[in-house]
Amino acid sequence: MKDRMQMRELTTLTADILLPALQQAIDAIVIFDERNEIVFYNAAAETLWGLSRAEVMGRDVACLIPLCMRHEHDRHASRTVEDSLNQIPGTTREIAFTRADGEHVCGELSLSRVRMGEGGHTYHVGVIKNITEEMRRTRTLNLQAEVIQALTGDMPLDDIGHLICRKVESFLPDSIATLMFVEGEHTHWRVISTPALPRRIRDALESTVPTPADREKLVTTPSHAGRLAWDNCQSICRSLGLRSCYATPVQAADGQVVGVFALYLREGNRFGSWPQRLVGACAPFCALALERQATRAQITQLARHDPLTGLLNRAALHHVLTDMIACSVNRSFAVFIIDINRFRDINDTLGHVQADQCLVEIAGRLRVAVRGGCVISRSGGDEFVVVVPDCAGEQIPAMAHDLLTALGQPLHIDHNKLTLTCSIGISTFPLNGPDSESMLGHADTAMRQARRDRRGGFRMAIPARNHMAQDRLVLGAALRDSLAHGLLQLHYQPQVRTGTLALSGVEALARWHHPRLGDIFPTRFIAVAEETGQVEAIGHWALGEACRQMARWDRDGVHVPTIAVNLSAVHFRNRSLPAYIAGLLKAYDLKPARLTVEITESVMMGDHPDTEEVLQSIRNLGCGLSMDDFGTGYSSLSRLTHLPLTEIKMDRSFITNLEHDRNERAVAMAVIEIGRRLGMTVVTEGVETPRQCALLEELHCDVMQGYLFGEALTADGMAQWVRRGGAAATRGVPPTHVPPHAMKKIVPTAAPTTVDPPAIRP
């Protein structure tokens, strides 16, 4: 009797309390029977689906499930029926559907079953939590985290813009996101979007010019962004199936509008206020990306341009000349160095402010005087440089006269009328090459001659071949003296393993600083050494100095696996070279594998009878043999297979445009494949950007060398580089005080003729 009363109380509790509690629950609750007919549907479910209780009671539960998910639901329900647990599982799944009013809703569904006694009816209970807003917040925060991570890395603006647009489009089905902004001095919109944006709409947007009035209105009236993104191309958008657009201005930290972020929808809005809120949430991400781009552009501008005139500075000019020399196959160009005569008088008389105005005016006149494609630089003080491509013959004096005429017109500076004269020195490529220093040096010498002869005129540089005799006389004697007194040094550039960035070895490079002549470039003094018969002595010294330094590093606990020394062709005609190398290795207690001898293609092209025998003898010692600057000469690939090489070095010219030129990428791939098939290690020189590094990793290059990992360092500097962690610690931080390409490597290497210990002799 007591048990019956307790059961009745429990039944009363279920009927009178639990059902109303379920009806008033915060989360939507739907109960359906074995025939999938809905038998319970609470108020929260009415709100979630936008359907009244009367519209769904007794109907198949499929009416609440999106068509695309019904098959999955049936599978899930069947699995739940077979489950022995009569409770809500510990896991949930996300569902998304469109409410009756068209709004897109996301929910978290838990499904369980309830059996009414033994052999009784079975019911399924679905509990759905509306997580639409929570999911939107989570997606926005995740997008923010991804964008910030991209900004802290080296991802370019276009990739960040694509990331934002791609993510937004994944949040809203049948949507197209786009970022519009004005870049630099361009007046048209520049558009970043995914491929989902039709080409006709992109063209229409990019042909639109935002006026100053538009930019002002975007600050005061953000809704004006919609007119710029939609009204101007509305007919095209509708013809391509786009029905609506949500847009917002992108404002920088100073309040200036730097762009517009827009979102186009193909169907009517079934997301409520979410599209506009999402667009607004993305605007700060876009602003950060655009501001970083502007900051980088400003830093590049400051690093490459003269702050007063806006012209290229001297460092940037060297880069331009180096690139022009590298690309000038069967082409010529002329370098004009312009010096303003008696400019100091203007400084002393009118003051620095007016003198600066005068320089700005001169820069403006040079821009007008030269044709498109020319390079103009202010290399310092009152000296300007103009580089004119494809300039030869009678074009050179004609251009010089044009420059003299343009700069000779009266200037009006602060109510003062000034008439200037200038002296011009001219060098030409390839006659006055082979590098930027030579070009500028010859033009500067000619300019000084013009200033001495007659102010207000120009002089052509003496051809480089006429200076060789002077170099042989002056530099030859200085080089011999420097060899005797130990004024030459070896610097070491690290080579790292692709992928791990572990130190593979170093290349020894010669540097010569003369007390009176200053820094002498290797390309210049090695040529003199070959002309004066000193190159073999330099090479022998380099081998001894490299081995001595390797032993010292070992003593100091600095592990450098290998060292490479570049020798010229003349060394390999001397049968005593292998014995000399063997003596060095024994004297410094070095394993032969730690020394690599680099040869140039001229060695391979020569037919001296002793060359191959000497090379084989060096290889028999256990030393490595590397083919330097592979592919830049005209050697036969068949001879490559007959030489005992262990390594080939791909020249920097093969990867200069590796990131942008498919042909260069194909050539690099072929060189790496040749080395792999021949069982040789492939080393790539001149790696300067993370993108080049990534591409070489994809091509399975073995070893990399370049400014991305480290410049040519002194012996102590190399030791510090190793102790700091090597390339893993310095990757992506190229040196700032030595511009790339400024110091080329040599054919041999150079330094004193004495060898430690004294017992070792050539």
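**Close-ups of a predicted model**

At 1% relative accessibility, F333 counts as buried (buried means under 20% relative accessible area, exposed over 50%, partly exposed in between, with a 1.4 Å probe and protein chains only). This is a predicted model, where local features need pLDDT of at least 70 and side-chain atom pairs count only at pLDDT 80 or more, while totals for chains, interfaces and linings use all residues. Residues are numbered from 1 along each chain as its sequence is written, and side-chain values use heavy atoms, with hydrogens and water left out.

View A. Y41 and W49 are both buried. F333 and F429 have centres 5.2 Å apart and planes at 10 degrees, so they make a stacked pair. F333 belongs to strand β10 (residues 333-340) and F429 to strand β15 (residues 422-429), so the pair ties together parts 96 residues apart in sequence. F429, at 10% relative accessibility, is buried.

**View B. An open sheet of 4 strands.** The order is β7-β6-β9-β8, with antiparallel pairing (strands are DSSP E runs of at least two residues, helices H or I runs of at least four, numbered from the N terminus; two strands pair if DSSP finds at least two bridges between them). The edges are β7 (190-193) and β8 (244-251), each pairing on one side only. From one strand to the next, the twist averages 20 degrees. β8 and β9 (residues 257-265) are antiparallel over 8 bridges, and C245 stands opposite Y264 in β9.

**View C. Salt bridges around R35.** The whole structure has 22 salt bridges (a side-chain nitrogen of Lys or Arg within 4 Å of a carboxyl oxygen of Asp or Glu). R35 bridges to D33, with the closest N and O atoms 3.6 Å apart, and also to E37 at 3.7 Å, N to O. R35 is exposed, with 58% relative accessible area, D33 is buried at 9%, and E37 is partly exposed at 31%.

View D. D453 and R459 form a salt bridge, their closest N and O atoms 3.1 Å apart. D453 is partly exposed at 40% relative accessibility, and R459 is partly exposed at 30%. Elsewhere, salt bridges that share partners join E507, E598, K649 and E685 into one network.

How values were computed
Axes are lines fitted to C-alpha atoms, for helices over the stretch in contact, and angles run from 0 to 180 degrees between N-to-C directions. Rings of Phe, Tyr and Trp (its six-membered ring) pair if their centres lie within 6.5 Å; planes under 30 degrees apart count as stacked, over 60 as edge-to-face and the rest as tilted.
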